[in-house]
Amino acid sequence: MEFTSLIKQQNILPIIGTPTALTAVMAQKAGAKAIYLSGGVLAANQYGLPDLGLTSLDNVLIEVNRITDVCDLPLLVDIDTGWGGLLGTTRAVKKLIKAGASGLHIEDQIDIKRCGHRPNKQLVNIKAMQDRIKACVDGKTDENFMIMARTDSFASEGLQGAIDRAHAYIEAGADSIFAEAFTSLDDYQTFTQNCSVPVLANMTEFGKTPCFTQDQLAHAGVKMALYPVTLARMMNNAAQTAIETILQKGTQESIIPYMQTRQTLYEVLNYYDYETKIDHYMDEQ
């Protein structure tokens, strides 16, 4: 199901950031309706790099293909500032659709971008961002593919500046708006009341935005709640604990109760179905 239909059906749509193909499958089996590939998570987990626009379209496509090969949930993809100028952005949209993504978000920071919850972000002017959005629209080969415009303007231009930019981005063809680093529910409510398309709130941890509940966000008119880094943070913290335990204690025994079991992994992967097929092939020989 495409994003537009999902958003209409849900009071608010939670979108789970899935760092790997396995976590995408886990999310689907747990009942998630939509998933997300974060540029920052991809840079950190797959390439050991900070979220400063250091990865490429090809890097992202590798992960998109891995996820869509095993999971058919709608996938929203972070494309930073669009890669390679306007023609490159149009090409990126075509490639993402071909790889099975269901939507993207593109932001209004300059090409030398920063994490959305860090200081000293710099923005392109409204016309330049409109051109980015138009380039995305030009690349659409699927009318249901969602073009989401992210604005980082709240930090430097305030709420009215963010509203003005949202109006201009919608005029350029944005299907939805990613309102980055808002700090209060009142701000979200005023923003959504002045926005004619669905609005996404970024519920990343340790940032400018408190961890509002989905009910609170829905009451403020927000239609999508994004959890971009939650799984990655949990995974990475667990990995750090495991590394330190092995090095300090000389055994992993004390942390075995916290591990995903072999049985659970096999159930997620439908391992036994594969094994049954192998046995069937061998019986035929």
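Two strands are said to pair if DSSP finds at least two bridges between them; strands (E, at least two residues) and helices (H or I, at least four) are DSSP runs numbered from the N terminus. The model is predicted, so local features need pLDDT of at least 70 and side-chain atom pairs count only at pLDDT 80 or more, while totals for chains, interfaces and linings use all residues. Residues are numbered from 1 along each chain as its sequence is written, and side-chain values use heavy atoms, without hydrogens and water.

Begin by selecting strand S6 (residues 176-179) together with S7, which pair in the parallel sense over 3 bridges. Ile-177 has Val-199 in S7 as its bridge partner.

Now display the side chains of S6. Ser-176 and Phe-178 point one way, Ile-177 and Ala-179 the other, and all are buried (under 20% relative accessible area; exposed is over 50%, partly exposed in between; 1.4 Å probe, protein chains only). In S7 (residues 199-202), both faces are likewise covered, with Val-199 and Ala-201 on one side and Leu-200 and Asn-202 on the other.

Finally, move to helix H12 (residues 271-284) and select Glu-275. Glu-275 is partly exposed, with a relative accessible area of 33%. For a further stop, select Leu-52 in the loop between helix H3 (39-47) and helix H4 (57-70); Leu-52 is partly exposed at 40% relative accessibility.
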